[in-house]
Amino acid sequence: MKKIYLDQASTSFPKAPSVADAVYQYLSGFAVNVNRGSYETAYSVEEQIYDTREQLCRLFHFKNCRNVIITNNITASLNILLKGLLKTGDHVLVSSMEHNAVMRPLTQLLAHGVVFDRIPCRKDGSMDPEAIEELIRPETRALVCLHASNVCGTILPVRKIGQICRRHGIFFILDTAQTAGILPIDMEEMHIDALAFTGHKGLRGSQGTGGFLIRSELAGQIEPLISGGTGSISHTEEIPAFLPDRFEPGTPNIPGILGLHAALTDLENSSMEEIFQKEMQLTEYFLNGIRRMDPEEEKIRIIGRKDTEKRCAVVSIQTLQMDMAQAAFELDSTYGVMTRVGLHCAPNAHKTLGTYPSGTIRFSFGPENTKEELDTALHALAEITGC
């Protein structure tokens with residue numbers, strides 16, 4: 001049975017064409033460390049990592065590659081930003097669609113006197129940015145939100161959010177887990193103070209890579225979450241004051257970073273707009289297929305937006321007359337269709353969408369998926385649900 005991977009929102013597959021070779025070449029050659037060795041091979045690896053920072057600057061329209069911090073994943077990035085910035089008495093705004101990568105750190109910080117309010121979103125996951133103004137307080141320090149929902153794919157109005165934050169002197173932190181490498185993002189025009197990214201989804205690198213790009217004004221107010229050896233200013237036990245070393249202690253995931261470098265090179269040699277349009281064509285095809293299958297939504301309900309406006313290639317459904325976990329199991333075991341079922345690490349997003357606590361079955365598409373694969377998935381859904 002051919003396996004069909006429709007879980008791209010969890011991680012991309014297949015990876016970008018050059019990734020595996022880049023990782024293999026490093027591990028099978030001189031897999032040296034960086035910032036430690038005073039020899040040519042180490043310098044060569046350091047140069048590739050520096051190039052990766054420059055690629056990320058170009059991708060997100062950011063000017064200072066020293067302010068590109070590489071971490072093991074976007075969750076680590078968000079923890080550094082939130083726990084390093086927020087202090088007792090601070091107030092934070094978040095959308096009601098947030099992932100637990102934001103909400104669990106903030107919930108931890110409640111015990112330290114940090115409070116937050118949720119900006120309400122509509123039943124389709126969209127947001128009216130005017131609702132932000134009513135929630136801003138004198139002690140509001142930051143607004144942090146995702147760019148697009150990992151549950152239903154709805155895109156938030158980031159440009160307008162950034163304008164509001166800039167007008168009120170609030171730091172704007174953006175989670176791009178579902179959009180980096182898929183949607184154009186301009187940190188300057190969108191007034192983004194810190195952008196957290198992951199390397200293994202839309203950028204199509206390997207797992208274990210992520211990071212954040214940060215303006216110096218914000219970086220100067222963040223206390224490092226972890227500290228240790230950096231290979232720089234080793235004569236002192238103080239944490240380096242300069243970037244990126246201040247936030248990059250210990251040995252990095254060099255194979256992953258070099259794979260990310262290769263993935264970014266592949267992305268630069270292709271058209272991000274064409275990739276997005278391909279994914280939207282697949283999304284529209286899938287949504288239309290479900291509507292034709294069950295126009296009255298008696299057995300299958302589409303969650304969130306039912307069109308391709310202001311969304312990315314993530315589609316959630318509920319099987320109304322069948323346990324969703326069982327449906328997802330049969331999709332995989334009988335038809336080879338791989339999806340994700342449950343609450344997707346975003347319980348309040350499901351409360352907003354009206355799908356808590358049961359959750360949804362999530363289908364998500366990438367540029368390598370085909371309409372033939374979606375036909376199989378639609379046929380499987382029809383047979384499983386009796387549509």
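## Basis of the model

Residues are numbered from 1 along each chain as its sequence is written, and side-chain values use heavy atoms, with hydrogens and water left out. Because the model is predicted, local features need pLDDT of at least 70 and side-chain atom pairs count only at pLDDT 80 or more, while totals for chains, interfaces and linings use all residues.

## The cavity

Rolling a probe the size of a water molecule over the atoms shows where empty space is left. On a 1 Å grid over the protein atoms alone, a cavity is a set of points where a 1.4 Å probe fits but cannot get out, whereas a pocket is an open set with protein on both sides within 12 Å along at least five of seven lines; lining residues have an atom within 4 Å of a point. Grid points are joined across faces, edges and corners, and a volume is the space filled by probe spheres set on the points.

The structure holds one cavity of 30 Å³ or more, and the space in the largest cavity comes to about 200 Å³. Its lining has 21 residues, with Q8, I182, G202, E279 and F365 nearest the centre.

## The pockets

The largest pocket contains about 650 Å³ of space and is lined by 28 residues, of which R53, I70, E248, P249 and P252 lie nearest its centre. Helices (H or I, at least four residues) and strands (E, at least two) are DSSP runs, numbered from the N terminus; among these elements, α2 gives the most to this lining, with four residues.

The second largest pocket holds about 410 Å³, and its lining of 17 residues has I155, L156, P157, V158 and K310 nearest the centre.

## An enclosed helix

Helix α4 (residues 100–109) is largely enclosed by the rest of the structure, because seven of its ten residues are buried, where buried means under 20% relative accessible area, exposed over 50% and partly exposed in between (1.4 Å probe, protein chains only). The buried residues are N100, A101, V102, M103, P105, L106 and L109.

## Cysteines

A disulfide is a pair of cysteine sulfur atoms within 2.5 Å, and the structure holds zero of them. The sulfur of C65 is 5.5 Å from the closest cysteine sulfur, in C57, which is too far for a bond. C65 counts as buried, at 12% relative accessibility, whereas C387 is partly exposed, with a relative accessible area of 35%.
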